[in-house]
Amino acid sequence: MKKLFGITLGILTAIGGFVDIGDLVAAALTGARFGLSLAWVMVVGVVGICLFAEMAVRVTTITGRPVFDLVRERLGARAGLANLTASYLVTLLTLAAELGGVALALELATSVNHLLWVPIVGLLVWVVIWRVKFERMEKAYGLLGLALIVFAVAVWQLGPDWGALLAQAANPVPPPDESWPVWFYYAIALFGSAMTPYEVFFLTSGGVEEGWRPSDLRISRLNVFIGFPLGGLLALSIMVAAALVLGPAGVQVDHLGQVVLPVAVALGKLGVAVALIGFFAATFGAALETALSGGYAIGQYFGWRWGKRVAPVHAARFHLVILATVLAGTAIILTTLDPVKVTEYSIVLSAAALPLTYLPILVVANDAEYLGRRVNSPLTNVLASVYLVLLLVVSAVTIPLMIVTRAGQ
Amino acid sequence: MAGGTRRGAVRDGFLSRVAAGAGCAALLLCAACTGPSLTRDAYRAQAAQTATMVLSAVRTGELAAAESAAGRIPGSSLEVVLGDAETDASSTQETFASRQPPEGTDGMREELTTLLDDATATLEDARIAARRGDRAALAAARADLHRLGTRLEDFEERAG
(Lines give C-alpha, C1' and ligand atoms only; values in the text may rest on other atoms or scores of the structure.)
Protein backbone atom coordinates (compact mmCIF):
# COMPACT_ATOMS: atom_id res chain seq x y z
CA MET A 1 0.00 0.00 0.00
CA LYS A 2 2.84 2.36 0.86
CA LYS A 3 4.37 1.65 -2.55
CA LEU A 4 1.05 2.41 -4.23
CA PHE A 5 0.93 5.79 -2.48
CA GLY A 6 4.55 6.35 -3.47
CA ILE A 7 3.68 6.30 -7.16
CA THR A 8 0.56 8.48 -7.05
CA LEU A 9 2.54 11.42 -8.48
CA GLY A 10 3.28 9.35 -11.60
CA ILE A 11 -0.35 8.18 -11.78
CA LEU A 12 -1.71 11.72 -11.46
CA THR A 13 0.76 12.99 -14.07
CA ALA A 14 -0.08 10.16 -16.47
CA ILE A 15 -3.82 10.53 -16.00
CA GLY A 16 -3.46 14.23 -16.80
CA GLY A 17 -1.37 13.37 -19.84
CA PHE A 18 -3.36 10.45 -21.23
CA VAL A 19 -6.97 10.87 -20.16
CA ASP A 20 -7.63 14.59 -19.81
CA ILE A 21 -10.68 16.05 -21.54
CA GLY A 22 -9.17 16.11 -25.03
CA ASP A 23 -7.73 12.62 -24.72
CA LEU A 24 -10.98 11.18 -23.41
CA VAL A 25 -12.76 12.41 -26.51
CA ALA A 26 -9.82 11.78 -28.89
CA ALA A 27 -9.43 8.17 -27.71
CA ALA A 28 -13.15 7.49 -28.16
CA LEU A 29 -13.25 9.37 -31.46
CA THR A 30 -10.35 7.41 -32.94
CA GLY A 31 -11.74 4.12 -31.64
CA ALA A 32 -15.18 4.78 -33.14
CA ARG A 33 -13.82 6.08 -36.44
CA PHE A 34 -10.68 4.04 -37.08
CA GLY A 35 -11.21 0.95 -34.91
CA LEU A 36 -7.93 -0.14 -33.34
CA SER A 37 -5.82 0.81 -36.35
CA LEU A 38 -4.28 3.65 -34.29
CA ALA A 39 -3.64 1.61 -31.14
CA TRP A 40 0.07 1.40 -32.11
CA VAL A 41 0.35 5.17 -31.54
CA MET A 42 -0.48 4.63 -27.86
CA VAL A 43 2.40 2.17 -27.61
CA VAL A 44 4.81 4.53 -29.38
CA GLY A 45 3.62 7.40 -27.16
CA VAL A 46 3.96 5.45 -23.92
CA VAL A 47 7.49 4.29 -24.80
CA GLY A 48 8.46 7.86 -25.79
CA ILE A 49 7.13 9.55 -22.67
CA CYS A 50 8.64 6.82 -20.44
CA LEU A 51 12.01 7.31 -22.15
CA PHE A 52 12.15 11.08 -21.67
CA ALA A 53 10.34 11.18 -18.31
CA GLU A 54 12.85 8.66 -16.93
CA MET A 55 15.67 11.00 -17.99
CA ALA A 56 13.84 13.92 -16.41
CA VAL A 57 13.22 12.22 -13.05
CA ARG A 58 16.81 10.93 -13.00
CA VAL A 59 18.03 14.50 -13.46
CA THR A 60 15.72 15.70 -10.68
CA THR A 61 16.51 12.98 -8.14
CA ILE A 62 20.29 13.36 -8.63
CA THR A 63 20.42 17.18 -8.71
CA GLY A 64 17.39 17.98 -6.55
CA ARG A 65 16.32 20.47 -9.20
CA PRO A 66 13.44 20.39 -11.70
CA VAL A 67 14.18 19.95 -15.38
CA PHE A 68 13.05 23.38 -16.50
CA ASP A 69 15.48 25.05 -14.09
CA LEU A 70 18.39 23.07 -15.53
CA VAL A 71 17.30 23.57 -19.14
CA ARG A 72 17.48 27.32 -18.63
CA GLU A 73 20.85 27.07 -16.88
CA ARG A 74 22.35 24.68 -19.42
CA LEU A 75 21.00 26.22 -22.64
CA GLY A 76 20.87 29.87 -21.63
CA ALA A 77 18.14 32.42 -21.08
CA ARG A 78 17.17 32.84 -24.73
CA ALA A 79 16.56 29.14 -25.50
CA GLY A 80 14.88 28.84 -22.10
CA LEU A 81 12.56 31.73 -22.99
CA ALA A 82 11.54 30.08 -26.29
CA ASN A 83 10.80 26.90 -24.37
CA LEU A 84 8.94 28.82 -21.65
CA THR A 85 6.78 30.77 -24.12
CA ALA A 86 5.76 27.72 -26.16
CA SER A 87 5.09 25.48 -23.19
CA TYR A 88 3.28 28.15 -21.15
CA LEU A 89 0.88 29.03 -23.99
CA VAL A 90 0.08 25.37 -24.64
CA THR A 91 -0.34 24.79 -20.90
CA LEU A 92 -2.70 27.76 -20.58
CA LEU A 93 -4.85 26.47 -23.45
CA THR A 94 -4.85 23.02 -21.89
CA LEU A 95 -5.84 24.44 -18.49
CA ALA A 96 -8.75 26.29 -20.12
CA ALA A 97 -9.88 23.06 -21.73
CA GLU A 98 -9.56 21.11 -18.47
CA LEU A 99 -11.68 23.66 -16.60
CA GLY A 100 -14.27 23.21 -19.32
CA GLY A 101 -13.84 19.44 -19.07
CA VAL A 102 -14.57 19.40 -15.33
CA ALA A 103 -17.63 21.54 -16.04
CA LEU A 104 -18.75 19.10 -18.78
CA ALA A 105 -18.39 16.16 -16.37
CA LEU A 106 -20.50 18.06 -13.83
CA GLU A 107 -23.05 18.86 -16.56
CA LEU A 108 -23.38 15.14 -17.34
CA ALA A 109 -24.01 14.45 -13.66
CA THR A 110 -26.44 17.32 -13.06
CA SER A 111 -27.70 18.44 -16.52
CA VAL A 112 -26.88 22.04 -15.47
CA ASN A 113 -25.20 23.87 -18.38
CA HIS A 114 -21.42 23.55 -18.17
CA LEU A 115 -20.83 27.29 -18.56
CA LEU A 116 -22.53 27.86 -15.19
CA TRP A 117 -20.04 25.44 -13.61
CA VAL A 118 -16.91 27.00 -15.13
CA PRO A 119 -16.41 29.88 -12.62
CA ILE A 120 -17.09 27.53 -9.69
CA VAL A 121 -14.58 25.02 -11.06
CA GLY A 122 -11.98 27.79 -11.54
CA LEU A 123 -12.46 28.87 -7.92
CA LEU A 124 -12.26 25.26 -6.68
CA VAL A 125 -9.01 24.65 -8.57
CA TRP A 126 -7.44 27.74 -7.05
CA VAL A 127 -8.68 26.88 -3.52
CA VAL A 128 -7.28 23.34 -3.77
CA ILE A 129 -3.91 24.63 -4.98
CA TRP A 130 -3.87 27.28 -2.24
CA ARG A 131 -5.05 25.16 0.69
CA VAL A 132 -4.45 21.44 0.07
CA LYS A 133 -1.03 19.88 0.64
CA PHE A 134 0.74 18.61 -2.47
CA GLU A 135 0.89 14.96 -1.38
CA ARG A 136 -2.77 14.91 -0.35
CA MET A 137 -3.78 16.53 -3.63
CA GLU A 138 -1.84 14.08 -5.81
CA LYS A 139 -3.07 11.04 -3.88
CA ALA A 140 -6.74 12.11 -3.96
CA TYR A 141 -6.93 12.91 -7.67
CA GLY A 142 -4.41 10.30 -8.83
CA LEU A 143 -6.33 7.49 -7.12
CA LEU A 144 -9.82 8.84 -7.96
CA GLY A 145 -8.76 9.07 -11.61
CA LEU A 146 -8.25 5.30 -11.52
CA ALA A 147 -12.06 5.07 -11.55
CA LEU A 148 -11.61 5.23 -15.34
CA ILE A 149 -10.63 1.56 -15.11
CA VAL A 150 -14.39 1.16 -15.47
CA PHE A 151 -13.78 1.37 -19.25
CA ALA A 152 -11.51 -1.70 -19.11
CA VAL A 153 -14.20 -3.50 -17.07
CA ALA A 154 -16.80 -2.44 -19.66
CA VAL A 155 -14.65 -3.87 -22.48
CA TRP A 156 -14.36 -7.17 -20.62
CA GLN A 157 -18.11 -7.16 -19.91
CA LEU A 158 -18.90 -6.54 -23.58
CA GLY A 159 -17.20 -9.87 -24.35
CA PRO A 160 -15.40 -8.87 -27.53
CA ASP A 161 -13.76 -11.16 -30.05
CA TRP A 162 -10.20 -10.63 -28.80
CA GLY A 163 -8.69 -12.18 -31.90
CA ALA A 164 -10.52 -9.71 -34.14
CA LEU A 165 -9.40 -6.81 -31.93
CA LEU A 166 -5.78 -7.95 -32.10
CA ALA A 167 -6.06 -8.31 -35.88
CA GLN A 168 -7.36 -4.72 -36.11
CA ALA A 169 -4.53 -3.43 -33.92
CA ALA A 170 -1.96 -5.34 -35.97
CA ASN A 171 -3.20 -3.77 -39.21
CA PRO A 172 -2.15 -0.11 -38.95
CA VAL A 173 -3.86 1.29 -42.04
CA PRO A 174 -6.90 3.58 -42.29
CA PRO A 175 -10.33 1.99 -42.85
CA PRO A 176 -11.43 1.93 -46.53
CA ASP A 177 -13.63 5.04 -46.21
CA GLU A 178 -10.93 7.18 -44.52
CA SER A 179 -7.97 9.00 -46.08
CA TRP A 180 -4.31 8.68 -45.07
CA PRO A 181 -3.86 12.39 -44.19
CA VAL A 182 -6.83 12.32 -41.78
CA TRP A 183 -5.60 9.08 -40.26
CA PHE A 184 -2.10 10.55 -39.78
CA TYR A 185 -3.60 13.73 -38.32
CA TYR A 186 -5.26 11.71 -35.57
CA ALA A 187 -2.11 9.63 -35.10
CA ILE A 188 -0.21 12.86 -34.41
CA ALA A 189 -2.95 14.11 -32.08
CA LEU A 190 -2.70 10.88 -30.04
CA PHE A 191 1.10 11.01 -30.04
CA GLY A 192 1.08 14.71 -29.05
CA SER A 193 -1.27 14.02 -26.16
CA ALA A 194 1.01 11.24 -24.87
CA MET A 195 4.09 13.49 -25.06
CA THR A 196 2.53 16.75 -23.75
CA PRO A 197 5.43 18.89 -22.43
CA TYR A 198 3.78 19.91 -19.16
CA GLU A 199 3.87 16.26 -18.03
CA VAL A 200 7.65 16.29 -17.54
CA PHE A 201 7.66 19.78 -16.02
CA PHE A 202 4.94 18.79 -13.56
CA LEU A 203 6.44 15.40 -12.73
CA THR A 204 9.91 16.77 -11.99
CA SER A 205 8.62 19.83 -10.13
CA GLY A 206 6.36 17.49 -8.14
CA GLY A 207 9.42 15.37 -7.38
CA VAL A 208 11.13 18.44 -5.92
CA GLU A 209 7.95 19.21 -3.92
CA GLU A 210 8.13 15.66 -2.54
CA GLY A 211 11.82 16.10 -1.72
CA TRP A 212 13.16 13.34 -3.99
CA ARG A 213 16.83 12.49 -3.30
CA PRO A 214 19.31 10.21 -5.11
CA SER A 215 18.14 7.38 -2.84
CA ASP A 216 14.62 7.85 -4.29
CA LEU A 217 15.72 7.07 -7.84
CA ARG A 218 13.98 3.68 -7.75
CA ILE A 219 10.62 5.07 -6.62
CA SER A 220 10.85 7.98 -9.07
CA ARG A 221 11.46 5.50 -11.90
CA LEU A 222 8.52 3.40 -10.69
CA ASN A 223 6.39 6.54 -10.99
CA VAL A 224 7.37 6.70 -14.64
CA PHE A 225 7.26 3.01 -15.55
CA ILE A 226 3.95 2.31 -13.78
CA GLY A 227 2.19 5.67 -14.08
CA PHE A 228 2.52 6.30 -17.81
CA PRO A 229 1.73 2.77 -19.03
CA LEU A 230 -1.29 2.83 -16.72
CA GLY A 231 -2.43 6.13 -18.27
CA GLY A 232 -1.90 4.63 -21.73
CA LEU A 233 -3.89 1.55 -20.76
CA LEU A 234 -6.83 3.67 -19.59
CA ALA A 235 -6.80 5.61 -22.87
CA LEU A 236 -6.56 2.35 -24.83
CA SER A 237 -9.54 0.86 -22.98
CA ILE A 238 -11.62 3.93 -23.89
CA MET A 239 -10.56 3.48 -27.52
CA VAL A 240 -11.50 -0.22 -27.49
CA ALA A 241 -14.86 0.44 -25.82
CA ALA A 242 -15.69 3.01 -28.49
CA ALA A 243 -14.54 0.67 -31.27
CA LEU A 244 -16.87 -2.03 -29.92
CA VAL A 245 -20.01 0.06 -29.35
CA LEU A 246 -19.88 3.46 -31.04
CA GLY A 247 -18.17 2.54 -34.34
CA PRO A 248 -20.64 -0.21 -35.29
CA ALA A 249 -23.55 2.06 -34.27
CA GLY A 250 -22.35 4.78 -36.68
CA VAL A 251 -21.62 7.29 -33.92
CA GLN A 252 -18.83 9.82 -34.52
CA VAL A 253 -17.61 11.15 -31.20
CA ASP A 254 -17.58 14.90 -30.56
CA HIS A 255 -18.83 15.16 -26.99
CA LEU A 256 -17.97 13.78 -23.57
CA GLY A 257 -21.52 12.44 -23.22
CA GLN A 258 -20.95 10.05 -26.14
CA VAL A 259 -17.76 8.69 -24.52
CA VAL A 260 -19.76 7.29 -21.60
CA LEU A 261 -22.30 5.40 -23.75
CA PRO A 262 -20.26 2.14 -24.06
CA VAL A 263 -20.07 2.01 -20.26
CA ALA A 264 -23.85 2.47 -20.07
CA VAL A 265 -24.32 -0.39 -22.54
CA ALA A 266 -21.98 -2.70 -20.61
CA LEU A 267 -22.46 -1.77 -16.97
CA GLY A 268 -25.56 0.40 -16.63
CA LYS A 269 -26.11 3.33 -14.28
CA LEU A 270 -23.54 2.29 -11.69
CA GLY A 271 -20.86 2.06 -14.37
CA VAL A 272 -21.85 5.49 -15.69
CA ALA A 273 -21.63 6.97 -12.17
CA VAL A 274 -18.11 5.54 -11.73
CA ALA A 275 -17.11 6.81 -15.18
CA LEU A 276 -18.37 10.30 -14.29
CA ILE A 277 -16.30 10.24 -11.09
CA GLY A 278 -13.33 9.23 -13.22
CA PHE A 279 -14.01 12.04 -15.72
CA PHE A 280 -14.24 14.55 -12.88
CA ALA A 281 -11.07 13.34 -11.15
CA ALA A 282 -9.05 13.07 -14.36
CA THR A 283 -10.00 16.51 -15.67
CA PHE A 284 -9.77 18.17 -12.24
CA GLY A 285 -6.37 16.53 -11.68
CA ALA A 286 -5.24 17.74 -15.11
CA ALA A 287 -6.48 21.26 -14.27
CA LEU A 288 -4.40 21.22 -11.06
CA GLU A 289 -1.39 19.93 -13.00
CA THR A 290 -1.60 22.54 -15.72
CA ALA A 291 -2.25 25.45 -13.35
CA LEU A 292 0.71 24.41 -11.19
CA SER A 293 2.87 23.79 -14.27
CA GLY A 294 2.27 27.37 -15.41
CA GLY A 295 3.50 28.64 -12.02
CA TYR A 296 6.41 26.19 -11.93
CA ALA A 297 7.69 27.07 -15.40
CA ILE A 298 7.56 30.84 -14.90
CA GLY A 299 8.84 30.71 -11.31
CA GLN A 300 11.76 28.46 -12.28
CA TYR A 301 12.66 30.53 -15.33
CA PHE A 302 12.87 33.78 -13.36
CA GLY A 303 14.52 32.14 -10.35
CA TRP A 304 11.73 32.96 -7.89
CA ARG A 305 10.91 30.91 -4.83
CA TRP A 306 8.30 28.46 -5.97
CA GLY A 307 6.32 25.43 -4.90
CA LYS A 308 3.62 24.41 -2.51
CA ARG A 309 6.17 23.35 0.09
CA VAL A 310 6.98 27.05 0.52
CA ALA A 311 4.46 29.13 2.49
CA PRO A 312 2.50 31.37 0.08
CA VAL A 313 3.81 34.48 1.82
CA HIS A 314 7.33 33.46 0.76
CA ALA A 315 6.32 32.46 -2.78
CA ALA A 316 3.90 35.27 -3.52
CA ARG A 317 4.87 35.68 -7.20
CA PHE A 318 4.52 31.94 -7.83
CA HIS A 319 1.01 31.94 -6.39
CA LEU A 320 0.14 35.14 -8.21
CA VAL A 321 1.11 33.53 -11.54
CA ILE A 322 -1.08 30.52 -10.70
CA LEU A 323 -4.01 32.77 -9.82
CA ALA A 324 -3.57 34.78 -13.04
CA THR A 325 -3.27 31.55 -15.07
CA VAL A 326 -6.47 30.11 -13.55
CA LEU A 327 -8.30 33.40 -14.17
CA ALA A 328 -7.09 33.52 -17.78
CA GLY A 329 -8.08 29.87 -18.33
CA THR A 330 -11.53 30.51 -16.87
CA ALA A 331 -11.97 33.61 -19.06
CA ILE A 332 -10.96 31.68 -22.21
CA ILE A 333 -13.52 28.95 -21.63
CA LEU A 334 -16.25 31.43 -20.65
CA THR A 335 -16.05 32.84 -24.18
CA THR A 336 -18.11 29.65 -24.98
CA LEU A 337 -15.24 27.99 -26.88
CA ASP A 338 -15.79 24.23 -27.00
CA PRO A 339 -13.40 22.69 -24.39
CA VAL A 340 -12.94 19.59 -26.52
CA LYS A 341 -11.90 21.63 -29.56
CA VAL A 342 -9.58 23.77 -27.40
CA THR A 343 -7.74 20.65 -26.19
CA GLU A 344 -7.59 19.18 -29.68
CA TYR A 345 -5.89 22.34 -30.94
CA SER A 346 -3.61 22.59 -27.88
CA ILE A 347 -2.52 18.97 -28.34
CA VAL A 348 -1.73 19.50 -32.00
CA LEU A 349 0.09 22.78 -31.30
CA SER A 350 2.06 21.10 -28.53
CA ALA A 351 3.02 18.38 -31.01
CA ALA A 352 4.54 21.13 -33.16
CA ALA A 353 6.62 22.35 -30.17
CA LEU A 354 7.76 18.96 -28.84
CA PRO A 355 11.45 19.17 -29.85
CA LEU A 356 11.77 22.41 -27.84
CA THR A 357 11.08 20.40 -24.70
CA TYR A 358 12.69 17.04 -25.32
CA LEU A 359 15.97 18.05 -26.99
CA PRO A 360 17.10 20.09 -23.93
CA ILE A 361 16.19 17.19 -21.62
CA LEU A 362 18.37 14.87 -23.71
CA VAL A 363 21.25 17.38 -23.57
CA VAL A 364 21.03 17.76 -19.77
CA ALA A 365 20.67 13.99 -19.24
CA ASN A 366 24.03 13.54 -21.03
CA ASP A 367 25.85 16.17 -18.97
CA ALA A 368 28.24 14.51 -16.51
CA GLU A 369 28.59 17.76 -14.56
CA TYR A 370 25.01 17.31 -13.39
CA LEU A 371 24.60 13.55 -13.37
CA GLY A 372 28.11 12.12 -12.90
CA ARG A 373 27.98 8.41 -13.71
CA ARG A 374 24.18 8.52 -14.03
CA VAL A 375 24.27 10.02 -17.54
CA ASN A 376 22.30 8.29 -20.32
CA SER A 377 23.44 4.85 -21.42
CA PRO A 378 24.32 4.41 -25.13
CA LEU A 379 21.11 2.42 -25.63
CA THR A 380 19.02 5.22 -24.11
CA ASN A 381 20.76 7.71 -26.40
CA VAL A 382 20.11 5.62 -29.50
CA LEU A 383 16.42 5.25 -28.61
CA ALA A 384 16.16 8.95 -27.71
CA SER A 385 17.79 9.94 -31.02
CA VAL A 386 15.25 7.86 -32.94
CA TYR A 387 12.47 9.58 -31.00
CA LEU A 388 13.98 13.01 -31.61
CA VAL A 389 13.89 12.38 -35.37
CA LEU A 390 10.26 11.30 -34.96
CA LEU A 391 9.50 14.43 -32.91
CA LEU A 392 11.08 16.64 -35.59
CA VAL A 393 9.04 14.97 -38.34
CA VAL A 394 5.89 15.32 -36.25
CA SER A 395 6.54 18.99 -35.50
CA ALA A 396 7.18 19.69 -39.20
CA VAL A 397 4.05 18.00 -40.56
CA THR A 398 1.57 18.86 -37.80
CA ILE A 399 0.41 22.29 -38.97
CA PRO A 400 0.29 21.41 -42.72
CA LEU A 401 -1.74 18.28 -41.90
CA MET A 402 -4.07 20.35 -39.74
CA ILE A 403 -4.71 22.69 -42.69
CA VAL A 404 -5.01 19.97 -45.35
CA THR A 405 -7.44 17.85 -43.32
CA ARG A 406 -9.33 20.84 -41.89
CA ALA A 407 -8.45 19.58 -38.40
CA GLY A 408 -9.32 15.97 -39.14
CA GLN A 409 -12.70 16.40 -40.84
CA MET B 1 -4.12 75.90 -56.41
CA ALA B 2 -1.92 73.20 -57.87
CA GLY B 3 -1.34 71.86 -54.37
CA GLY B 4 -5.09 71.83 -53.82
CA THR B 5 -5.63 69.83 -57.04
CA ARG B 6 -2.91 67.34 -56.06
CA ARG B 7 -4.46 66.96 -52.60
CA GLY B 8 -7.86 66.47 -54.25
CA ALA B 9 -6.43 63.84 -56.60
CA VAL B 10 -4.76 62.07 -53.69
CA ARG B 11 -8.03 62.21 -51.71
CA ASP B 12 -10.00 60.86 -54.72
CA GLY B 13 -7.46 58.05 -55.13
CA PHE B 14 -7.70 57.25 -51.45
CA LEU B 15 -11.50 57.29 -51.57
CA SER B 16 -11.62 55.04 -54.62
CA ARG B 17 -9.24 52.57 -52.89
CA VAL B 18 -11.47 52.65 -49.79
CA ALA B 19 -14.56 52.09 -51.97
CA ALA B 20 -12.86 49.21 -53.78
CA GLY B 21 -11.77 47.73 -50.46
CA ALA B 22 -15.28 48.08 -49.05
CA GLY B 23 -16.70 46.46 -52.20
CA CYS B 24 -14.30 43.51 -51.85
CA ALA B 25 -15.15 43.19 -48.15
CA ALA B 26 -18.88 43.22 -48.95
CA LEU B 27 -18.35 40.53 -51.61
CA LEU B 28 -16.35 38.42 -49.19
CA LEU B 29 -19.04 38.88 -46.54
CA CYS B 30 -21.76 37.79 -48.98
CA ALA B 31 -19.64 34.82 -49.98
CA ALA B 32 -19.13 33.90 -46.33
CA CYS B 33 -22.85 34.17 -45.62
CA THR B 34 -24.04 32.08 -48.52
CA GLY B 35 -21.19 29.60 -48.73
CA PRO B 36 -19.15 28.95 -51.85
CA SER B 37 -20.75 27.91 -55.10
CA LEU B 38 -19.94 24.25 -55.74
CA THR B 39 -19.71 21.93 -58.70
CA ARG B 40 -22.29 19.16 -58.86
CA ASP B 41 -19.80 16.51 -57.67
CA ALA B 42 -18.55 18.68 -54.84
CA TYR B 43 -22.13 19.40 -53.77
CA ARG B 44 -22.92 15.68 -53.86
CA ALA B 45 -19.85 14.98 -51.69
CA GLN B 46 -20.89 17.73 -49.29
CA ALA B 47 -24.39 16.26 -49.10
CA ALA B 48 -22.96 12.80 -48.35
CA GLN B 49 -20.75 14.23 -45.60
CA THR B 50 -23.70 16.15 -44.14
CA ALA B 51 -25.76 12.93 -44.09
CA THR B 52 -22.90 11.14 -42.30
CA MET B 53 -22.68 13.84 -39.64
CA VAL B 54 -26.41 13.91 -38.99
CA LEU B 55 -26.54 10.12 -39.06
CA SER B 56 -24.03 10.17 -36.18
CA ALA B 57 -26.30 12.51 -34.18
CA VAL B 58 -29.33 10.33 -34.96
CA ARG B 59 -27.54 7.12 -33.96
CA THR B 60 -26.30 8.79 -30.78
CA GLY B 61 -29.86 9.75 -29.89
CA GLU B 62 -31.15 6.28 -30.72
CA LEU B 63 -28.45 4.55 -28.64
CA ALA B 64 -29.01 6.88 -25.67
CA ALA B 65 -32.80 6.37 -25.86
CA ALA B 66 -32.32 2.59 -26.02
CA GLU B 67 -30.09 2.65 -22.93
CA SER B 68 -32.66 4.81 -21.15
CA ALA B 69 -35.44 2.34 -21.98
CA ALA B 70 -33.28 -0.42 -20.49
CA GLY B 71 -32.68 1.71 -17.37
CA ARG B 72 -28.94 1.84 -17.99
CA ILE B 73 -28.27 5.58 -18.20
CA PRO B 74 -29.05 8.31 -15.62
CA GLY B 75 -31.62 10.92 -16.63
CA SER B 76 -29.16 13.82 -16.32
CA SER B 77 -26.66 12.21 -18.69
CA LEU B 78 -29.43 11.24 -21.13
CA GLU B 79 -30.65 14.85 -21.33
CA VAL B 80 -27.14 16.13 -22.05
CA VAL B 81 -26.43 13.49 -24.70
CA LEU B 82 -29.73 14.18 -26.48
CA GLY B 83 -29.24 17.96 -26.21
CA ASP B 84 -25.76 17.71 -27.76
CA ALA B 85 -27.07 15.46 -30.56
CA GLU B 86 -29.86 17.95 -31.30
CA THR B 87 -27.39 20.87 -31.39
CA ASP B 88 -25.09 18.94 -33.75
CA ALA B 89 -27.94 18.07 -36.11
CA SER B 90 -29.24 21.61 -36.08
CA SER B 91 -25.86 23.24 -36.78
CA THR B 92 -25.13 20.73 -39.57
CA GLN B 93 -28.54 21.53 -41.05
CA GLU B 94 -27.77 25.28 -41.00
CA THR B 95 -24.37 24.79 -42.61
CA PHE B 96 -25.86 22.70 -45.42
CA ALA B 97 -28.66 25.20 -45.97
CA SER B 98 -26.05 27.96 -46.49
CA ARG B 99 -24.48 26.08 -49.45
CA GLN B 100 -25.45 27.30 -52.91
CA PRO B 101 -26.76 24.25 -54.81
CA PRO B 102 -25.58 24.01 -58.43
CA GLU B 103 -28.16 23.43 -61.14
CA GLY B 104 -29.49 19.89 -61.39
CA THR B 105 -29.17 19.13 -57.67
CA ASP B 106 -32.53 20.40 -56.46
CA GLY B 107 -33.97 16.91 -56.00
CA MET B 108 -31.05 15.81 -53.85
CA ARG B 109 -31.17 19.04 -51.88
CA GLU B 110 -34.89 18.68 -51.19
CA GLU B 111 -34.53 15.06 -50.09
CA LEU B 112 -31.65 15.81 -47.73
CA THR B 113 -33.27 18.98 -46.37
CA THR B 114 -36.37 16.96 -45.45
CA LEU B 115 -34.22 14.34 -43.74
CA LEU B 116 -32.31 17.02 -41.82
CA ASP B 117 -35.52 18.74 -40.74
CA ASP B 118 -36.95 15.42 -39.55
CA ALA B 119 -33.75 14.50 -37.71
CA THR B 120 -33.60 17.82 -35.85
CA ALA B 121 -37.29 17.71 -34.96
CA THR B 122 -37.14 14.09 -33.77
CA LEU B 123 -34.06 14.71 -31.63
CA GLU B 124 -35.88 17.72 -30.18
CA ASP B 125 -38.87 15.48 -29.38
CA ALA B 126 -36.56 12.96 -27.73
CA ARG B 127 -34.89 15.65 -25.62
CA ILE B 128 -38.27 17.03 -24.50
CA ALA B 129 -39.55 13.54 -23.66
CA ALA B 130 -36.37 12.81 -21.65
CA ARG B 131 -36.72 16.01 -19.62
CA ARG B 132 -40.40 15.26 -18.91
CA GLY B 133 -39.64 11.66 -18.05
CA ASP B 134 -42.19 10.62 -20.70
CA ARG B 135 -41.13 7.04 -21.49
CA ALA B 136 -43.76 6.44 -24.17
CA ALA B 137 -42.82 9.57 -26.12
CA LEU B 138 -39.13 8.70 -25.80
CA ALA B 139 -39.81 5.19 -27.14
CA ALA B 140 -41.73 6.70 -30.08
CA ALA B 141 -38.88 9.12 -30.78
CA ARG B 142 -36.42 6.22 -30.65
CA ALA B 143 -38.40 4.29 -33.25
CA ASP B 144 -38.51 7.41 -35.46
CA LEU B 145 -34.76 7.88 -35.05
CA HIS B 146 -34.18 4.29 -36.13
CA ARG B 147 -36.25 4.81 -39.30
CA LEU B 148 -34.50 8.12 -39.99
CA GLY B 149 -31.12 6.45 -39.56
CA THR B 150 -32.00 3.89 -42.21
CA ARG B 151 -33.13 6.62 -44.62
CA LEU B 152 -29.98 8.64 -43.98
CA GLU B 153 -27.80 5.57 -44.59
CA ASP B 154 -29.62 4.97 -47.84
CA PHE B 155 -29.10 8.61 -48.89
CA GLU B 156 -25.43 8.47 -47.86
CA GLU B 157 -24.87 5.40 -50.04
CA ARG B 158 -26.51 6.98 -53.07
CA ALA B 159 -24.73 10.33 -52.66
CA GLY B 160 -21.33 9.02 -51.56
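1. In this predicted model, the side chains of Arg58(A) and Glu54(A) form a salt bridge with an N to O distance of 3.0 Å; the term denotes a side-chain nitrogen of Lys or Arg within 4 Å of a carboxyl oxygen of Asp or Glu. The two residues belong to helix α4 of chain A (residues 39–63) and stand 4 residues apart, about one turn of the helix. Helices here are DSSP runs (H or I, at least four residues), strands likewise (E, at least two), numbered from the N terminus. Arg58(A) and Glu54(A) are both buried, where buried means under 20% relative accessible area, exposed over 50%, and partly exposed in between (1.4 Å probe, protein chains only).

2. Regarding conventions, local features need pLDDT of at least 70, side-chain atom pairs count only at pLDDT 80 or more, and totals for chains, interfaces and linings use all residues. Residues are numbered from 1 along each chain as its sequence is written, chains are lettered from A and ligands numbered from 1 in the order in which they are written, and side-chain values use heavy atoms, with hydrogens and water left out.

3. In chain B, Glu86(B) and Arg127(B) are joined by a salt bridge between their side chains at 2.7 Å, N to O. Glu86(B) sits in helix α3 (residues 75–97) of chain B and Arg127(B) in helix α4 (residues 106–132) of chain B, so this pair ties together parts 41 residues apart in sequence. Glu86(B) is buried, at a relative accessible area of 13%, and Arg127(B) is buried as well, at 17%. In chain A, salt bridges with shared partners link Glu54(A), Arg58(A) and Arg221(A) into one network.

4. A further salt bridge in chain B pairs the side chains of Arg72(B) and Glu67(B), at 2.6 Å from N to O. Arg72(B) is partly exposed, with a relative accessible area of 29%, whereas Glu67(B) counts as buried at 4%. Over all chains, the rule gives 14 salt bridges.

5. Across the interface of chain A and chain B, the count of salt bridges is 0. Polar contacts are found there in 8 residue pairs, both residues at pLDDT 80 or more. Such a contact is a pair of N or O atoms within 3.5 Å; within protein, one must be able to donate a hydrogen and the other to accept it, and residues adjacent in sequence count only if both atoms are side-chain atoms.

6. On the side of chain A that touches chain B, α5 (67–110), α12 (217–249), α13 (256–259) and α14 (261–302) of chain A each provide at least two residues. The most comes from α14(A), with 7 residues. That side of chain A comprises 11 nonpolar, 9 polar and 4 charged residues; Ala, Val, Leu, Ile, Met, Phe, Trp, Tyr, Cys and Pro count as nonpolar, Asp, Glu, Lys and Arg as charged, and the others, Gly among them, as polar.

7. In total, 24 residues of chain A contact 20 residues of chain B, contact meaning heavy atoms within 4.5 Å. About 1800 Å² is buried between the two chains, 62% of it from carbon and sulfur atoms.

8. Chain B contains 5 helices and 0 strands. Of its 160 residues, 39% count as buried. Among contacts in chain B with a separation of 6 or more, 82% involve residues 24 or more positions apart.

9. Gly299(A) lies in helix α14 of chain A and counts as buried at 0% relative accessibility.

Definitions and conventions. Buried area is the accessible area (1.4 Å probe) that two parts lose on being put together, summed over both.
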